[in-house]
Amino acid sequence: MRGFPIERIRAITFPPPPSIADVKGRADAGLVRMNLNESARAPSPKAMEAASLALLDANRYPDHECRVLAAAIAAKTGVPVDRMSFGNGSGEVLVAAAMVSIEPGDEAVMPAPTFPTCGKGVQIAGGRIVNVPLKPDGSNDIPAMLAAVTERTRLFYLCTPNNPTGGTIGSDDLRAAFKQVPDTCMLVVDEAYFEFASVEGGPDVLALLKERNGPWIVTRSFSKAYCMAGLRVGYALASDRDIAYGLWQLRPNFNLGRPALAAAAAAMHDEPYLQETLRLTITERRRLSEALIPMGFEAFPSFANFLTLRAPLPASELGRELEKKKILVQPLVWPDERGSLRITVDSRESTDRLVEALADLIKP
Ligand SMILES: Cc1ncc(COP(=O)(O)O)c(C=O)c1O
């Protein structure tokens, strides 16, 4: 007799995200949340106003075609609306990207460690993940990933900047990947943190993709630079309409709520607020690394709203001790057993509390 859930769903290896309880409907103000790569800032006031207005029609289903948001994205990216799809967070489009590409038994080449959700989609679809270790600087190792491609490879996932390490892929490596990944293979580029990298002179992935003949999907998020992690909006841009249609077919009906859609469109029109968020985040990231390096931490290059550092003590131990002080960070088992800490750039106050707590834990 068949057991449920079916075997390949039971076999999914990715755990759910850490859950943090709210207090009376608000994020717990007593906790320092530096573990989920959220923004310390509230969304743009224009986004909040648009979300409040949208609540007046919350008895009506939202616009499934996301027309207002799609027009804003088309204006900013130059990609036409019929080559887009939308998700309840970009995680949802990453699962869909895998599901439109993978048949049972197919292979997906992925960097390791990286953001897990596309890999989860591969497992849902019955595919096999082929992990390729990151370069020592924490970016995706393109030559090694290309060497891992076989005739069974149907998906090639890149994450730039890479979570959990923060490194970006250089233009030459991107060009090589876009040319050499076979046309029989879907190339997925996860750009959840692209605004941060882009303002620091990072490569223009969409422009470079013009050189690719084969299929591609780029995913982006409103959770990071647009400060909207709690509203859940992400989107995909695809190389052609058929792929976008496939992603669209996998969307549950009305998967983005009215307030979220309205806020995302308004946020995209508030360029000064975005630029200020990027400036504040990059300034605070510098402050964080300048405070931790003298304590014996070594920072990996980061082009995102988090910083990954090798700790002078085992990272998991430090993570546990910080949690006792109500400071949440993400310990990693990378690049070796001693591990690293991935620390989200939050407010000045959060940096100060973390630095004080670490000074206490690390003191000779
Ligand atoms: C690289 C990367 N991709 C995608 C996501 C998913 O973000 P969301 O579903 O909130 O858009 C994250 C979130 O941390 C991420 O780090």
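Serine 221 has a polar side-chain atom 2.7 Å from an oxygen atom of the ligand, while aspartate 190 places a polar side-chain atom 2.7 Å from a nitrogen atom of the ligand.

The model is predicted, so that local features need pLDDT of at least 70 and side-chain atom pairs count only at pLDDT 80 or more, whereas totals for chains, interfaces and linings use all residues. Residues are numbered from 1 along each chain as its sequence is written, and side-chain values use heavy atoms, with hydrogens and water left out.

## The shell around the ligand

Around the ligand there are 14 residues, of which Ser90, Asn163, Tyr193, Ser221 and Ser223 come nearest; a residue is near a molecule if one of its heavy atoms lies within 4 Å of it. The shell divides into 5 nonpolar, 6 polar and 3 charged residues, with Ala, Val, Leu, Ile, Met, Phe, Trp, Tyr, Cys and Pro counted as nonpolar, Asp, Glu, Lys and Arg as charged, and the others, Gly among them, as polar. Helix α4 (residues 90–99) gives the largest share of this shell, 3 residues; helices (H or I, at least four residues) and strands (E, at least two) are DSSP runs, numbered from the N terminus.

## Backbone features

Most residues other than glycine have a negative phi, and most peptide bonds are trans. Phenylalanine 4 and proline 5, however, are joined by a cis peptide bond with omega about 0°, and proline 5 belongs to the segment before α1 (7–10). Another cis peptide bond, with omega about -10°, joins threonine 160 and proline 161, the latter lying in the loop between β5 (153–159) and α7 (171–180).

Asparagine 37, although not a glycine, has a positive phi of about 55°, and it sits in the loop between β1 (32–33) and α2 (45–55). Asparagine 37 is buried, at a relative accessible area of 1%, where buried means under 20%, exposed over 50% and partly exposed in between (1.4 Å probe, protein chains only).

Technical notes
Polar contact = N/O pair within 3.5 Å; in protein donor to acceptor, adjacent residues only side chain to side chain.
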